[in-house]
Amino acid sequence: MPRACAQPRSVDYGMKLSSLMSTPKVNDVPTMDVLTERELDGLIVQEPDPVNNGHLSHVLSFIFRNFSATIPLANSLTVSLNKIPPYLRNSRINQTFTNKGENESVSLYDTVNHCWNWALPTCERHASKSPDKSGQDFREDDEEDEEQEKDKGDDEHEDVTVDVDEDPLADFGETSPDVGTVPSSTNNSDELNFAGFFNTVAVALAAANENLTKFNPSGVIRTWSGANSTRPVKDEEIKCKPDLALLDDVEARWDTIKAVCELTSQRYHPTSTIAKTIDSKAYLLLRRQPWRHFVLLLSVCNGYRDLRVHLYDHSGGIVTPCINIDWDPDRFLHTFSSIVFGGLECTGYDPTISIFTKMLQPGQLQQSSTFTHPTTGATNNATEHDPNPQDESAPVILESVPVESTGDPILEGPEPSVLSDSEEDAIPEDPEDLLLHEGLPRPLPADPLLAPLPEPIGKIRVNNNHYDILELVFSSQGLVGHGTVCYLTRRGDEEYIIKDHWVLGSKEDVLNEVIMLNNMKGVRGVPELIEYWLIEIAPGEVDETEKYCYTVMESTEGTFRTHVWLVLKPCARPLQMFRTKAELVSAIRDIVVIQKTAVEQRGILHRDCSLNNAMIEDDGNGSHGTLIDWEFAMHILQGNHYPIGGTGTVPFLSRKLLHQLSDAIPAVSAQKKTRKKASRSRPQPTTFIKHTFADDLESLFYVFAWICIEFRGPLRMKWTLKPRDHKSEWLPRAWSADSHTECDQAKTGFFFHLEDINKLETQIHPYFKSLIPLVKEWYGLMRNNDNPDSVSFDAVLEMLDRHHAELPKDEPSPELLFARTILKRKRPTGDAPDSTGAVDLGDTELPNDATAHMRPAGGRMTMEAAVLIRPSKRNKTRST
């Protein structure tokens, strides 16, 4: 019988980023430090020096094994003297090359003095990161000289062009902003110094062995850039400045950076400042490039001579032994060449996934019409929201899949009116004001049933089958966890969802979802498993995070994961993409039926009912609710006690589960300080908690209440929840606190104090006011959930059936309402609406200038949406 990770673990079972609905809005670096330290507690493995001198460590030998090129030795590297800027030639270099002309070849490495012929810094000359004028809190090394920092300011660098015309690799140098142009000595920084050095080393390596450039199938030469050392990489979540970024010939973004290098003159320690900033940047790389197996970051410390490679995956991190770039130049060049010239797999990319740069359109991924990762709310400050849509003509880069944007239409400013189709006398003249008046977001959200079929943006291989990637529809967050990514794909004329995730535990645990889906086969509303694959990094070799570690430390036992892909159908839309209130209630009822069937007929408990896992399927003859993600499902055991792992998504956990978690977790973590570094500490035994079907029913209540508060209409129309004081805090915020204890207290108080039902009622958006009686009755049922048998499936189903019967079944869709409103302003004299409120269009057409900018985001505003007869629905569920 499958078990959910019953191995002993000593790492904290505390709240991880991946267990939240979204990453907390991080406005300062210290907050990010706290989050990443909690993620990585006890999970950073420090590798020892290799047994054989000159060899790479275990993890580097493993990930670079496919890079079989002969690496030139340091003493064989030469460059023209003009590649070494005059101001980076110290007295030793000038003396050595006294008789050399600027165009003559010189050795890049000094074998006598065991150092490079490049004046690399040995101590901090000034703060490398200038303060941001916005007041954003940026990290500085604790030991940096504050007075020197003031001297830096925000001056721009003057460029001095280096003559590279006669160099056979001139094109290589010109692609680098730090080789083709070299900053003047007065404004040179340590970052630009190292960027120029690294790129010059790359030029020399490629000249010594031209085969090095043949291992990268894209043909794009990667270069190091220090351009973002003084200005943050563009990102909405947190502003970070990488000292050096390894790039193709593109602008630095967290979804395009191949590797990061951080510099400091101080010694390295797992809890030092540079270690913390590397943790944060590893998080951002995995967050923006979730399809990667791992990410690589470099640190150069201790007088800028000690190089370490930091590998992060979904099980934690690995730090390689120190390589002194002066005294061990050949091992440095081996590591450096593998990262700069090696195939994509050397830096953690999955070779079985490819993205088509010419076919990819930003809108396809930023505003998914099929599924968008829900958030716990909009930004607290309305000024943080950018109402201007992105330019879809912007260039698209390989693997530049932005996944942070939620795509949820968020309306800022004054609270809009409730969706209505009756206020004819107060219709504004301006079209934008008209949208506000009708309670519609700008631009109008796309109806997934009317959305055009997307063009492929890439390909993915599962076993021997190749699928076109149409959209990246979901990506989880956090460093440690499942790293779940879902792709909407197509093979032939059928559409599928491919779930890409990292499963914790043994092979039996890895296949738990496969087993559960097979056991639930035939139940309406449960995904059908088409095929699965344990990802192979070599023929017959499954991708497991344990293989990257040279040994298993006690603190990392039970934390290793296996890479698994599931191909599922049908393709569904998230619950918050409901079209009418009747459809919302009906879908929730269907999910209760699924839970009831699983428990009573199949003996299975789902254990993770959340907004992420509640969906609506359109089968061409209507819609029904579906329940996905059966990874943590379990066969029901006598006593209902299960391992603590996989108990659900935090904001939707029941009071009883939160109470058990808040009691169990502090016993493991609160008594010790976060260390991050893996240790030989004695493993803690697995903790078990009691979980019943009543907990899953309570979770579904929170899903329903969450939608009624967080959204302001159908098709995922979100509204801004502005900050409130503690007493009137938004309930979704209180249910998403930073600890299980706080969440437990919030939900216990919510059900203990009857006056809190009034808080719930007042926080529900006016659009959902007709559902308030259902919310209040369901609240009453959940108050009796101290006894697991007090709330039955039948009681909840009877309640939902009764309220569903009272809801109008002809509620106008948002597109229909929008079209009606436009037609009211443009209707010729004599035309009148029919009994349903629709208008006989006849030959009447809307002026293009009045409606061109009001089209649905990601879709197309059609006149068919304004007539009574609906267009044919997009069928995503045809049988194979």
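Select L244 and C261: L244 stands opposite C261, a residue of strand β10. The model you are looking at is predicted, so to speak of local features a pLDDT of at least 70 is needed, side-chain atom pairs count only at pLDDT 80 or more, and totals for chains, interfaces and linings use all residues. Residues are numbered from 1 along each chain as its sequence is written, and side-chain values use heavy atoms, leaving out hydrogens and water.

Now widen the selection to residues 244–247, strand β9, which runs antiparallel to β10 and is joined to β10 by 3 bridges. A strand here is a DSSP run of E with at least two residues, a helix is a run of H or I with at least four, and both are numbered from the N terminus. Two strands pair if DSSP finds at least two bridges between them.

Look for A259, whose bridge partner in β11 is L296. To get from β10 to β11, follow the chain through helix α7 (residues 273–288); this β-α-β crossover is right-handed. That term means that, with the strands pointing away from the viewer, the path from the first strand over the helix to the second runs clockwise.

Is β10 itself buried or exposed? Select residues 259–263: 5 of the 5 residues are buried, so β10 is largely enclosed by the rest of the structure. (Buried means under 20% relative accessible area, exposed over 50%, and partly exposed in between, with a 1.4 Å probe and protein chains only.) In a regular strand the side chains alternate between the two faces of the sheet. In β10, A259, C261 and L263 lie on one side and V260 and E262 on the other, and both faces are covered.

Time for another sheet. Seven strands form an open, antiparallel sheet in the order β15-β17-β18-β19-β20-β24-β21. Its edge strands, each pairing on one side only, are β15 (353–355) and β21 (528–534). From one strand to the next, the twist averages 30°.

Within this sheet, select β19 (residues 485–491) and β20 (residues 494–504), antiparallel strands joined by 7 bridges. Pick L488 and you will find its bridge partner, I497, in β20.

For the last stop, select R712, which sits in strand β32 (residues 711–713). R712 is buried, with a relative accessible area of 1%.

Technical notes:
Axes are lines fitted to C-alpha atoms, for helices over the stretch in contact, and angles run from 0 to 180 degrees between N-to-C directions.
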